[in-house]
Amino acid sequence: MYIVNDYIAFNTMPTTVKSVSVSDNVCNQESLKEWTLEFWPNLESLEIGSYCFKYCKLLTLKSLFKLKTFVVGKLCFTERTFEEVDAEKIGVSDGGLVIENCTLLNSIDIGPMSFADASVFQLKSSGSERLRR
């Protein structure tokens with residue numbers, strides 16, 4: 001398992017990893033606006049802790065043909081907090097979550113208030129019947 005416990009570990013993550021675990025409160029740099037995972041052909045599991053990727057507006061998981069498990073803790077991919085829940089501000093960004101052609105994916109677990117700013121959630125798969133259920 002590859003542990004991401006700071007921004008340096010995030011930036012140097014090898015493309016050969018099978019399992020990635022992002023620690024709590026990591027990758028909250030304002031410069032990190034999007035994250036696309038497309039070049040990790042062996043990735044089977046992605047687990048993101050809580051309070052991560054505060055300024056990252058778009059996460060794309062694309063053609064990760066071995067990915068089986070995707071977990072996100074609470075308050076990730078959002079600048080919101082539990083104290084400032086305002087229905088008018090939730091879902092107003094251009095970002096969100098896109099999962100495309102991850103044909104073995106059978107578990108998605110997204111924690112409270114993660115992607116709260118998101119206006120997009122796309123789940124697309126070609127050739128997989130598993131995601132239709």
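These are my notebook entries on a predicted model of one protein chain.

**Ground rules**

I count residues from 1 along each chain as its sequence is written. Since the model is predicted, I noted that local features need pLDDT of at least 70, that side-chain atom pairs count only at pLDDT 80 or more, that totals for chains, interfaces and linings use all residues, and that side-chain values use heavy atoms, with hydrogens and water left out.

**Entry 1: the whole chain**

I started with the parts list and found one helix and nine strands. Here helices (H or I, at least four residues) and strands (E, at least two) are DSSP runs, numbered from the N terminus. Along the sequence I read the pattern β-α-β-β-β-β-β-β-β-β.

Next I looked up burial. Buried means under 20% relative accessible area, exposed over 50%, and partly exposed in between (1.4 Å probe, protein chains only). Of the 133 residues, 42% count as buried. The chain exposes about 7,200 Å², and carbon and sulfur atoms supply 48% of that. Those areas come from the Shrake-Rupley method with a 1.4 Å probe; for residues, only the protein chains shown count as cover.

I also checked contacts, meaning heavy atoms within 4.5 Å. Among contacts with a separation of 6 or more, 68% are between residues 24 or more positions apart.

**Entry 2: the sheet**

In what order do the strands of the open sheet run? I read E1-E2-E4-E6-E8, five strands with parallel pairing. Two strands pair if DSSP finds at least two bridges between them. The edge strands are E1 (2-4) and E8, and each pairs on one side only. From one strand to the next the twist averages 10°. For that angle, axes are lines fitted to C-alpha atoms, for helices over the stretch in contact, and angles run from 0 to 180 degrees between N-to-C directions.

Then I went through some of the pairs:

- E1 and E2 are parallel over three bridges, and Ile3 stands opposite Ser21 in E2.
- E2 (residues 19-22) and E4 (residues 45-48) are parallel, joined by four bridges. Val20 has Leu46 as its bridge partner in E4, and Val22 stands opposite Ile48.
- E4 and E6 (residues 69-72) also pair in the parallel sense, over four bridges. Ser45 stands opposite Thr69 in E6.

I looked at E2 again for its two faces. Side chains in a regular strand alternate between the two faces of the sheet. In E2, Ser19 and Ser21 lie on one side, Val20 and Val22 on the other, and all are buried.

**Entry 3: Val17**

Val17 is buried because its relative accessible area is 10%. Leaving aside neighbours within four places in sequence, Val17 is in contact with Tyr2, Trp40, Asn42 and Leu43.

**Entry 4: Asp117**

My last stop was Asp117, in the loop between strand E8 (107-110) and strand E9 (120-124). Is Asp117 buried or exposed? Its relative accessibility is 4%, so Asp117 counts as buried.

What does the side chain of Asp117 touch? It makes a polar contact with the side chain of Thr78 at 2.9 Å. A polar contact is a pair of N or O atoms within 3.5 Å; within protein, one must be able to donate a hydrogen and the other to accept it, and residues adjacent in sequence count only if both atoms are side-chain atoms. The side chain of Asp117 also reaches the backbone nitrogen of Glu79, at 3.0 Å.
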